[in-house]
Amino acid sequence: MATSRSGQQHTRTRSPSWLAVLAALAFTAGCTTPMDARKDRQYQERAPIASRPVVRPVRSVSSFSESLMCMDRMLRAAEVPTTLITSKQFVDFSGKVPAATKEMVVTALSQMSRVSNAFRFVDFEVDIARQDTVQNLTTILLNNNQMQLQRPALYVSGAIAFVDQGVINNSFDAGISGPRVDLGYSQSRNATVVALEVHLGDFRTRTIIPGLDSANEVIVGSGGQGVDLGGRIGEYGVRFNVGRDYAIGTGAALRTLVDLSMIELVGKWARLPYWQCLTLDQSHPQFQRQMHDWYLESGHSGQSQLLRSSLVTRGYLPQDASDRPVTDPLVRDALARFQADRGIPVSGTIDFQTYEAALGNFVSLAEDGSLARVGWAATGTVTTAQTSADGKLPPLQVAAQAPWSIDLQIENPQPAGERPAFTEGEQVFLSATVTRASHLYCYFADSSGGIMRLLPNLLQPHSLVSANQAVRIPDWMAPNPGFILDAGKPGQETVMCLATRDDVLPKLPPSMQGAALAPLRDVGSLEELQQHFDAAAGSAGMVTRSVQWKVAPAAPAPAAAR
């Protein structure tokens with residue numbers, strides 16, 4: 001009992017907590033008022049926009065992506081004939097690396113066959129547990145003799161041999177505590193070993209070829225550090241937790257193992273010096289990280305200047321357009337062509353993938369093993385990874401332009417030495433590849449001097465082709481190739497291909513704009529044809545390449561027995 005100064009008596013009571021009052025009001029409102037979806041219309045309208053990705057898709061690369069392209073060029077130079085190949089499913093007995101390893105094998109073989117046509121993958125997979133449309137249709141057509149599968153010559157066999165988790169594990173924890181403050185710090189590092197073993201087998205006998213094997217390991221690391229801070233003020237407490245963690249993806253690490261294994265297997269099988277492709281500076285583990293640091297250091301203006309200079313050097317951009325902004329339509333078109341040639345998602349804008357692809361050839365290893373810039377300084381000398389005094393990268397100064405050329409080859413198998421003559425009626429197969437995106441035109445001249453256009457034609461109407469992509473003449477992989485190129489009368493035959501930056505077919509004389517695969521009446525020789533193209537291409541220029549072969553008379557038919 002308490003007495004006030006006025007002598008009145010009253011009872012002292014404790015008022016309810018304001019948090020409890022708010023909780024009661026919120027509970028009462030939530031239980032008594034139903035939700036009305038119409039009032040959330042403006043909020044829900046943002047869902048389709050919010051669900052979209054905010055980052056552009058990126059190309060899946062490994063440390064040996066450039067090495068795969070190098071192997072493709074090496075197979076092309078060695079004139080390795082096309083080989084049918086398939087692959088088994090790769091088993092992961094550890095269950096720790098859930099990745100589509102077989103699909104990575106297919107991608108690696110495909111990247112090594114873009115120019116060389118070295119491999120064609122036979123896709124015949126029967127999975128009883130998961131039947132799909134292709135498997136069902138294949139079974140039906142095979143049973144009705146309406147489909148014929150070609151037998152592969154080789155097959156790839158392999159498995160994820162082991163996954164040793166936590167081979168190295170280091171952790172550190174420390175903390176202090178007081179009446180009002182608690183502080184803690186933790187740090188951890190971990191390393192896991194993933195091993196892949198791959199073999200090449202002879203499909204006809206289902207035997208593994210001795211010596212054609214690859215066994216490699218990769219380290220998958222992870223680490224983290226964190227700080228915990230807690231404090232109390234009276235009856236209330238606050239707590240903060242800040243951490244940084246990283247984990248190297250097992251999928252990306254496995255792709256590196258697959259690419260390396262396929263380069264080794266293909267190099268050993270084809271008896272090629274594949275190690276020359278594995279020693280490229282672009283396969284250095286720190287290549288992408290160092291390039292990304294330079295990319296951030298350059299800033300937007302530096303990136304634009306470097307990329308424009310590289311496009312001019314590679315011939316994608318005219319010399320007089322080197323000062324145009326990156327938003328200029330001509331620069332965006334050149335950027336898009338370059339991205340398409342390098343297999344980068346085409347956006348027409350500057351991103352790290354485009355920066356890396358454009359400037360990767362200007363980087364090499366210095367004597368101390370670090371990455372160094374080549375040709376980025378005004379003097380053209382090798383400079384280390386240090387930036388200039390103002391913190392910006394020096395401009396790219398390269399005098400010589402990258403070569404623009406056509407690689408035209410006969411794809412028919414041939415014995416070692418000089419190619420023998422074709423016989424009358426024998427089919428001829430060729431392939432053409434340009435070093436950068438161009439408009440490609442191919443013409444055929446027979447032994448009597450007649451000339452006709454092979455490409456573009458009715459079934460292949462587009463003349464624009466990407467770089468480093470083999471154009472088959474005729475397209476023997478298409479169900480309807482459009483034409484068949486047979487050796488004609490005895491003599492000498494020629495195929496000439498011309499590449500231009502712009503489409504010049506509408507600028508040619510009307511007599512040369514007729515239908516393909518028809519004789520050209522007003523063109524007497526391939527030299528005259530080249531002169532017309534030279535005049536139509538103008539200052540943009542063009543490149544040409546020709547290939548010739550001899551046609552021998554067909555052997556006489558054997559006399560019928562009497």
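Residues are described here as buried when their relative accessible area is under 20%, as exposed when it is over 50%, and as partly exposed in between, with a 1.4 Å probe and protein chains only. The structure is a predicted model, in which local features need pLDDT of at least 70 and side-chain atom pairs count only at pLDDT 80 or more, while totals for chains, interfaces and linings use all residues. Residues are numbered from 1 along each chain as its sequence is written, and side-chain values use heavy atoms, with hydrogens and water left out.

By these cut-offs Phe 172, with a relative accessible area of 45%, is partly exposed; Phe 172 is found in strand β6, where helices (H or I, at least four residues) and strands (E, at least two) are DSSP runs numbered from the N terminus. Phe 172 contributes to a nonpolar surface patch of about 910 Å², whose members also include Ile 176, Tyr 185, Leu 229 and Phe 240. Two or more residues of this patch come from each of β6 (154-177), β7 (181-202), β8 (207-233) and β9 (236-247). Patches are made of residues with over 30% relative accessible area and no salt bridge, like charges being joined within 9 Å and nonpolar side chains (Val, Leu, Ile, Met, Phe, Trp, Tyr) within 5 Å; a salt bridge is a side-chain nitrogen of Lys or Arg within 4 Å of a carboxyl oxygen of Asp or Glu. Accessible areas come from the Shrake-Rupley method with a 1.4 Å probe, and for residues only the protein chains shown count as cover.

The structure holds eleven aromatic pairs, a pair being rings of Phe, Tyr and Trp (its six-membered ring) with centres within 6.5 Å, counted as stacked when the planes are under 30 degrees apart, as edge-to-face when over 60 and as tilted for the rest. One of these is formed by Phe 119 and Trp 269, whose ring centres are 5.5 Å apart and whose planes meet at 45°, so the pair is tilted. Because Phe 119 lies in strand β5 (residues 119-121) and Trp 269 in helix α7 (residues 250-270), the pair ties together parts that are 150 residues apart in sequence. Phe 119 is buried, at 8% relative accessible area, whereas Trp 269 is partly exposed, at 22%. An edge-to-face pair is formed by Tyr 295 and Phe 352, with 5.6 Å from centre to centre and 70° between the planes; it ties together helix α9 (residues 287-314) and helix α11 (residues 352-359), through residues 57 apart in sequence. Tyr 295 is buried, with a relative accessible area of 13%, and Phe 352 is buried, with 17%. Tyr 295 and Phe 352 form one aromatic cluster with Tyr 355.

Helix α7, which carries Trp 269, is largely enclosed by the rest of the structure, because 16 of its 21 residues are buried. Its end C-alpha atoms are 30 Å apart, which agrees with the 30 Å that 21 residues should span at 1.5 Å a residue, the expected span being 1.5 Å times one less than the number of residues. Helix α7 is followed by Arg 271, whose phi is positive, near 55°.

Further backbone features lie in loops. A positive phi of about 55° is found at Asn 145, which is not a glycine and which lies in the loop between α6 (133-143) and β6; Asn 145 counts as exposed, at 73% relative accessibility. The peptide bond joining Leu 455 and Pro 456 is cis, with omega about -10°, and Pro 456 lies in the loop between β17 (451-455) and β18 (464-465).
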